[in-house]
Protein chains: 2
Amino acid sequence: MGPLDSYLPYLLNRAGARIATAFSAEMRPLGATLQAWRVLAALRERDGRRMGGLAETTAIEVSTLTRLVDNMESEGLVARRRAPGDARAVTLHATAAGRRLTQRILPIAERYERVALAGFSAKEAEALKVALRRLYANMAALRP
Amino acid sequence: MGPLDSYLPYLLNRAGARIATAFSAEMRPLGATLQAWRVLAALRERDGRRMGGLAETTAIEVSTLTRLVDNMESEGLVARRRAPGDARAVTLHATAAGRRLTQRILPIAERYERVALAGFSAKEAEALKVALRRLYANMAALRP
DNA sequence: GGCTGTTATTTGTAAATGCAAATAATTGGC
DNA sequence: GCCAATTATTTGCATTTACAAATAACAGCC
């Protein structure tokens, strides 16, 4: 293996960590966290998801998610309901307060997208996204 | 903001998390961790780095790194030395055992690079790396 | 040479994380 | 309809993590 900064997982993690750290710092004054935002964003896209599905799309471990949702629930941002037709499953729903918080975070998220992609042409940005989706799919190969 | 999976920080994190989880699982039987590997890889590239620089290149928080290095040191993988010319600073050095472990991990790391980039042409792979470096540089803009 | 402010690392502490085990409920045979 | 195997979520527990404060040593200025 050559220099570290030609190693893809390294580049990926390094960029991801930098965005995550900066974004987390922005969340703090709002009393939110990056992970909570992920959950809210996922629910904004489709409300009433199950814990398992939510874990999958947010890339948060289910047991971690359980406790994160505990907190968010006690803060009144989301509510758990029993899934209709399957009493094992739980569906998660954003509350009005949750949706309000989502609206406050959205412009910040949009700014991050812009800053991250500053200097990229539309074509380059799209190519990067396509590549990241592909890479994600590739990694499914050696999953547990 | 549109669908989640057109949001760049999301794509980045999701891909990164998947690689990290899978790679961590591979490290376990070796008695290593992903973070320890990052340190070893950074030392392989240049031994005798300082803690601060190491934190920077590995994207591990310095206080986290201190304790990670404590562990690695007690496992005999690395050794701290006082930096010559500056008694505040510490330089970190891989031991023979550390280098042996590095050699065992290298082929795994190389496999991950291959799997992640499966189906990418050399040109596409390089474009992705360039984009990730650029993105990383862009994010320096709104750092603490 | 002795302050003053800065830099490098560590430590205190509370919260987040992840694996494994536990719990609860479904499904598919039979 | 009952049992075994599977699926969805939660809990137990030990580790990792990050922010902030503490410590230690340097650098420049007078």
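In the predicted model, the buried residues of helix H3 (51–58) of chain A pack against several elements of chain A, namely helix H2 (34–45), strand E1 (49–50), H4, strand E2 (78–82) and strand E3 (90–94), and also against helix H1 (8–27) of chain B. The residues of H3(A) that are buried are Met51(A), Leu54(A), Ala55(A), Thr57(A) and Thr58(A). Just after this helix, Ala59(A) adopts a positive phi of about 60°.

For Thr66(A), an N or O atom of the side chain is 3.0 Å from a phosphate oxygen of DNA strand D. Two or more residues of the surface near DNA strand D are given by each of helix H3 (51–58) and helix H4 (62–74) of chain A and helix H4 (62–74) of chain B. In total, 21 residues surround DNA strand D, the closest being Gly52(A), Arg67(A), Arg80(A), Arg88(A) and Ser63(B). By class, this surface comprises nine charged, seven polar and five nonpolar residues. Of the atoms of DNA strand D within 4 Å of the protein, 61% belong to sugar or phosphate, and the rest belong to bases.

In chain B, three strands form an open sheet with the order E1-E3-E2 and antiparallel pairing. Strand E1 (49–50) and strand E2 (78–82) of chain B are the edge strands, each pairing on one side only. The antiparallel pairing of E1(B) with strand E3 (residues 90–94) of chain B extends over two bridges, and Arg50(B) has Thr91(B) in E3(B) as its bridge partner. Helix H2 (residues 34–45) of chain B lies across E1, E2 and E3 of chain B and runs at about 95° to E3(B).

Thr102(A) counts as buried because its relative accessibility is 4%, under the 20% cut-off. The side chain of Thr102(A) reaches the backbone oxygen of Gly98(A) at 2.8 Å. When neighbours within four places in sequence are left aside, Thr102(A) is in contact with Trp37(A), Leu40(A) and Arg44(A).

Terms used: Residues are numbered from 1 along each chain as its sequence is written. Chains are lettered from A and ligands numbered from 1 in the order in which they are written. This is a predicted model: local features need pLDDT of at least 70, side-chain atom pairs count only at pLDDT 80 or more; totals for chains, interfaces and linings use all residues. Side-chain values use heavy atoms; hydrogens and water are left out. Two strands pair if DSSP finds at least two bridges between them. Helices (H or I, at least four residues) and strands (E, at least two) are DSSP runs, numbered from the N terminus. Contact means heavy atoms within 4.5 Å. Axes are lines fitted to C-alpha atoms, for helices over the stretch in contact, and angles run from 0 to 180 degrees between N-to-C directions. A residue is near a molecule or strand if one of its heavy atoms lies within 4 Å of it. A polar contact is a pair of N or O atoms within 3.5 Å; within protein, one must be able to donate a hydrogen and the other to accept it, and residues adjacent in sequence count only if both atoms are side-chain atoms. Ala, Val, Leu, Ile, Met, Phe, Trp, Tyr, Cys and Pro count as nonpolar, Asp, Glu, Lys and Arg as charged, and the others, Gly among them, as polar. Buried means under 20% relative accessible area, exposed over 50%, partly exposed in between (1.4 Å probe, protein chains only).
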